[in-house]
Structure formats: structure tokens, C-alpha cells
There are 2 protein chains.
Amino acid sequence: MQDSRLTAARVARLATTDPDGRPHLVPIVFALDGDTLYSGRPQAQALVDATAHRERPRAPDVTILVDHYEEDWDRLWWIRLRGRARVLDHGEEREHALALLQEKYPQYRAEPPDGPVLAVDATEMLEWTG
Amino acid sequence: MQDSRLTAARVARLATTDPDGRPHLVPIVFALDGDTLYSGRPQAQALVDATAHRERPRAPDVTILVDHYEEDWDRLWWIRLRGRARVLDHGEEREHALALLQEKYPQYRAEPPDGPVLAVDATEMLEWTG
């Protein structure tokens, strides 16, 4: 997953499947390490979904989309990852993920994210360019 | 669904559930009419998913996200709609949807979208502001 558009993107969208089979969708910030994507959430935002008991995906299959929109539709592109999610509650990999997120997002340096970190091991990448 | 941020947004993301239960995710352009959202796709882009047999959602429950990102995380917001999808292959509602899409997107006036239009009757709206 070495696409420079992907690594440079500041925001992505994460789709999961709710226990009732309905799709769930949230914006995420993220950092990549090889084929693993680590997802953070701005603090207050994470609370919304935690309250709704959706912070922790129950089905491990997730889909992540990074897309570029502009009015010249010949210049649209998107990159879609599919993979399996793991929740990191503590430990070395979580610390590593937090360091990557703080490196990419200065916002996290002032206020490090707490709580679990979502790791997604990407198994498929599809890219489309207009 | 009268939120001005929602009606003004140029792009959204549509999540559906694949027959195998995995989430599927694509960027869409859209126009709103009351509580119904009509989704269009830039032409070439639609072909990608049609090829993948995913143009026509098999499960009617869909989730749509419109979000705003900027580096000042106090100014983030998103709006999430959940609802049920209908595929309009032909008929008056499809014509109405195309007119709304062409009104919002000049790109469609030069080259009207062909093929089915997705209508989503929104039943839930959740908004979050940072």
C-alpha cells in the first residue's frame, strides 16, 4: 500500500457491518505502516460512536475509502482498501500506532488519543482514476 | 433533511452490504428531494462497479456519510443518513431524479447519466459537530 495519494490523504471513511447487517460508516484519520492501517478519531467524535456502542466493530471485515473530489470529473480518483480489523487496547503495537498517528497529525501531539486503536490489515486494494 | 451543509455538499460516500456480509463503499454525487436522496455516479466510475456486479445493492439498507475535514479539528462535522435504497430503472421518478442531478451538477448537463438511478429514502439522520 505504497500509493503516495493514500499516504498523503488526511481523512478516509471506514465502513463496517453492524450486528444487524446494516452498514456503518464514519470518517477517520489514519496512518499507514506497510499493509496495516491504524485509525484514529478526533476525541469528541470518538465519544459519539462509543456511546452508540459502535466504536468496536463486531465483524472484522472492513472497507476503507480515500477519495478525491473536484469539479473537473476527469480528475477524480479513489482508492479502496478491504481488510480485517483488530482492536488494540494496549501493548507495543498500539504504542507504535499512536507514534505514527502523532507523526502525521500534529493535532494528536498536543492531545494524544486515548482508548483503543483500530488496526486494519489490508488484503485488497482497488484504485480508480477518472 | 433540510440541513444546508448536506444540500450544498458535492460528494458523499455510500456504504452498502455485500451478499457475503462485507461492507462496500463508494463515493457518490447526489441530489436531495425532501427525505429522498438520489445518487448519481460519474460515468466511467459507475462502470467499475457495474463490472464488479455491485452497482445494484442487494440489501436495501444503506448508510450515507457527508463529512467536512480541515486541520482545525474543532471545525470538523459530519452528517450520516441511514435509509432504504430503491433502484430506478425507468419512469417518472427517475426522470425527476436526473433533472435534480443535472440542476446541481453542470457536468451532467453535457453528458446526462444513463442507467439506473439509486433512490435512498432516509429514515435516520445523525449529525456531529466538533
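Mentor: Let us begin with a definition: buried means under 20% relative accessible area, exposed over 50%, and partly exposed in between, computed with a 1.4 Å probe on protein chains only. This is a predicted model, in which local features need pLDDT of at least 70 and side-chain atom pairs count only at pLDDT 80 or more, while totals for chains, interfaces and linings use all residues. Residues are numbered from 1 along each chain as its sequence is written, chains are lettered from A and ligands numbered from 1 in the order in which they are written, and side-chain values use heavy atoms, with hydrogens and water left out.

Trainee: By what turn can chain A be laid on chain B?

Mentor: Two copies of a chain are related by a rotation about an axis and a shift along it. Here the copies are superposed by least squares on the C-alpha atoms of residues with pLDDT of at least 70 in both. Chain A then falls on chain B with an RMSD of 0.0 Å and a shift of 0.0 Å along the axis, by a turn of 180°. That is the relation of a two-fold axis.

Trainee: How many salt bridges does a search of the whole structure find?

Mentor: A salt bridge is counted when a side-chain nitrogen of Lys or Arg lies within 4 Å of a carboxyl oxygen of Asp or Glu. Over all chains, the number found by the search is 26.

Trainee: Is Asp67(A), which forms a salt bridge with Arg13(B), buried or exposed?

Mentor: The closest N and O atoms of Asp67(A) and Arg13(B) are 2.7 Å apart. The pair crosses between chains, from strand β4 of chain A to strand β1 of chain B, where strands (E, at least two residues) and helices (H or I, at least four) are DSSP runs numbered from the N terminus. Arg13(B) is buried, and Asp67(A) is likewise buried.

Trainee: Which residue forms a salt bridge with Arg10(B), and how does that residue count in accessibility?

Mentor: Arg10(B) lies in the loop between α1 and β1 of chain B and its partner in the loop between β4 and β5 of chain A, so the pair joins two chains. The closest N and O atoms are 2.8 Å apart. Arg10(B) has 25% relative accessibility and therefore counts as partly exposed.

Trainee: Which residue meets Arg86(B) in a salt bridge?

Mentor: The N to O distance is 2.7 Å. The two residues are 35 residues apart in chain B, with Arg86(B) in strand β5 and the partner in strand β6. The partner is Asp121(B).
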